[in-house]
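Biologist: I would like to learn how to read a model like this one, feature by feature. Shall we start with the way helices pack?

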Amino acid sequence: MLRQFELVEKVAEYDPAIDENLLNKAYVFSMRAHGSQTRESGDPFFSHPVEVAGILANFRFDYVTIIAALLHDTVEDTVATLDDIKNAFGDKIADLVDGVTKISKLEFSSESTQQAENFRKLVLAMAQDIRVLFVKLADRQHNMRTLHYIKDPLRRKKIAKETLDIYAPLASRVGVQQIKEELEDLSFKEINKPAYETTHNRLKYLRASSAHPIEDIIDDLKKLLDKAGIQARIFGRIKTPYSIWKKMVSRNSTFEQLCDIIAFRVIVRTLPECYQSLGIFHNSFWVIPGRFKDYISTPKVNNYQSLHTTVMSPKHQRIEIQIRTEEMDLAAEYGIAAHWQYKQGGNAHDGKQYQLVCNLLQILEHTTNPEEFFENTKLEIYRDQVFCFTEKGEIFSFPKGVSVIDFAYAIDSWVGDHISGAKINGKPMPLKTVLQNGDQVEIITSSEQSPQSIWENFACTGKARTRIRQFIRSQQEQRMMQLGEKIIGEELQRTGINKEILNSRVFLSRFDCENINELYISIGEKIFSLEEVIACAQELAQTKQ
Ligand code: MN
């Protein structure tokens, strides 16, 4: 576990804006708040937020993020409140902690893709500040590293599946390859241990038994570039068991070739050198057709940039080569987090933050590949939405401006019709209250309650408005029907005409009514005058005689 001064020194090294006092205060605050709590491993609970802060410090996140990481479980798991944090650390840090707490509270069943989709939307909605997402990802990364301490196998599986379904893709989406890969592999190990072990062992074996050792290939590549005066950093990067296994399953194949397990990274100094190196390799080796990809001129949606090619080595081994600059490599490994590293220094609260969120939004907006998140959906849509959840953690998304009434109708028409009160985030609130992003809403119903016309003033979803109108309309109709029946009944009695005549098809068709009730309503609402109806009844009564 990182000690207090170690963490502070580490952050001070890269963040010149650091408020050391505040960071020290957060360390102590979290340690005191978590007190004697322990994790399932037996470690003091406090070691967890410190590890999470350490992970984020490795990404060189600003000290504000590091403080949020230290405090991220205090509101959820200790007696400390959000107000305490606001008072001690200010609004910005309190907001970050609140965002992380909200994400942590979510319960969703991974069987339901809709729920998962909603979850992603929620994360995005709350990613007003992208740092919330990174604290959450680091939190999950540490929880996954210590997953084996959890004794209940079902709980372990559930966490692993959630990680694979939600957090790994999210990490990939913001371009943090390193977190994504670790999350995937740790989940894979838990969910399918035999497959993990087989793949892992096979990887080890192939690497050891290769006719053409990795170091030799690196040497060969280096020599070729040296001759052209290109300085390069070259290394072999073993693919992860999960990525290999996934490929094997999707292609229904086995892995036999070195190129299936290792990608060689060639990191050069400038962009022109990327293409120059590519030319050299293509000139020197046999190029495997269909494997060349230029992600430099056309970056991937998460801004990944690199040249990819596969060639045949002199020893008849296929070699996958990825060529890029140092900057592209950093972006590929750290994604959006890399921006913190480039633009570090100065005030952490200037336009950079906004820029980061814009980058994320842009990435999400330009997604057209159906395999990726948010398929065919422009993020613009989400900007005008709020996401709220029930006390059980079920998520509903709405257009901005919806009230408690809308929420009740979204749950169920019956719930809407019978809503008698509501609690938002535990506090009783009036039905007209406009919901905010992340609100937790508990609806109280009563079978005696029925929709009121005033509700229409603060309902904005189509479903709620239609139901309320329908109900009010049917109530009105009921009254008008009774009124109409009473008026015409009295009049018929007075004139001595048999009431049955109203129910004849001839009579009803004169007034264009489907049935007698409709006629009563029309009379009640004075669509037809009483005289008109009596005159017609008299006329028909006479023809019958
Ligand atoms: Mn945590």
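This is a predicted model: local features need pLDDT of at least 70, side-chain atom pairs count only at pLDDT 80 or more; totals for chains, interfaces and linings use all residues.

Biologist: Which numbers describe two packed helices?

Modeller: Two packed helices are described by the angle between their axes and by the distance between those axes. Here, helix α1 covers residues 4–14 and helix α2 covers residues 20–34. Their axes come within 10 Å and cross at roughly 145 degrees.

Biologist: Which residues of α1 and α2 meet?

Modeller: From α1 come Gln4, Leu7, Val8, Val11 and Ala12. From α2 come Glu20, Leu23, Asn24, Tyr27 and Val28. By class, the residues of this contact are seven nonpolar, two polar and one charged.

Biologist: Now the metal. Which residues coordinate the manganese ion?

Modeller: The manganese ion is coordinated by NE2 of His48, NE2 of His72, OD of Asp73 and OD of Asp139, at 2.2 Å. Along the chain the donors follow the spacing H-x23-H-D-x65-D. Take His48 and Asp73 as a pair that links distant parts of the chain, 25 residues apart. His48 belongs to helix α3 (residues 47–58). Asp73 sits in the loop between α4 (63–71) and α5 (74–77).

Biologist: Are His48 and Asp73 buried or exposed?

Modeller: The cut-off for buried is under 20% relative accessible area. His48 has 1%, so His48 is buried. Asp73 has 9%, so Asp73 is buried as well.

Biologist: Next, aromatic rings. How many aromatic pairs does the structure hold?

Modeller: It holds eleven. For each pair, read the centre distance and the angle between the planes. Tyr27 and Phe46 have ring centres 5.1 Å apart and planes at 85 degrees. Planes over 60 degrees apart count as edge-to-face, so the Tyr27–Phe46 pair gets that label.

Biologist: What does the Tyr27–Phe46 pair tie together?

Modeller: Tyr27 lies in helix α2, and Phe46 lies in the loop between α2 and α3. The pair therefore ties together parts that are 19 residues apart in sequence. Tyr27 and Phe46 are both buried. Tyr27 is also one of the α2 residues that meet α1.

Biologist: Which geometry does the pair of Phe61 and Phe134 have?

Modeller: That pair is tilted, with 4.9 Å centre to centre and 45 degrees between the planes. Phe61 is in the loop between α3 and α4, while Phe134 is in helix α9 (residues 130–145), so the pair ties together parts 73 residues apart in sequence. Phe61 and Phe134 are both buried.

Biologist: Which residues do ring pairs link into a cluster?

Modeller: Phe188, Tyr196, Tyr242 and Trp245.

Biologist: Backbone angles next. What is the phi of Asp512, and of Lys526?

Modeller: Asp512 has a positive phi of about 55 degrees, although it is not a glycine. Lys526, not a glycine either, has a positive phi of about 65 degrees. Asp512 lies in the loop between α23 (505–510) and α24 (516–524). Lys526 lies in the loop between α24 and α25 (530–544). At 67% relative accessibility, Asp512 counts as exposed. Lys526 is exposed too, at 67%.

Biologist: To finish, how many helices and strands does the protein chain have?

Modeller: There are 25 helices and eleven strands. Of the 545 residues in the protein chain, 48% are buried. Now take contacts between residues at least 6 apart in sequence: 65% of them join residues at least 24 apart.

Technical notes: Residues are numbered from 1 along each chain as its sequence is written. Side-chain values use heavy atoms; hydrogens and water are left out. Axes are lines fitted to C-alpha atoms, for helices over the stretch in contact, and angles run from 0 to 180 degrees between N-to-C directions. Helices (H or I, at least four residues) and strands (E, at least two) are DSSP runs, numbered from the N terminus. Contact means heavy atoms within 4.5 Å. Ala, Val, Leu, Ile, Met, Phe, Trp, Tyr, Cys and Pro count as nonpolar, Asp, Glu, Lys and Arg as charged, and the others, Gly among them, as polar. Donors are N, O and S atoms within 2.8 Å of the metal (3.2 Å for Na, K and Ca); water is not among the atoms, so sites may look incomplete. Buried means under 20% relative accessible area, exposed over 50%, partly exposed in between (1.4 Å probe, protein chains only). Rings of Phe, Tyr and Trp (its six-membered ring) pair if their centres lie within 6.5 Å; planes under 30 degrees apart count as stacked, over 60 as edge-to-face and the rest as tilted.
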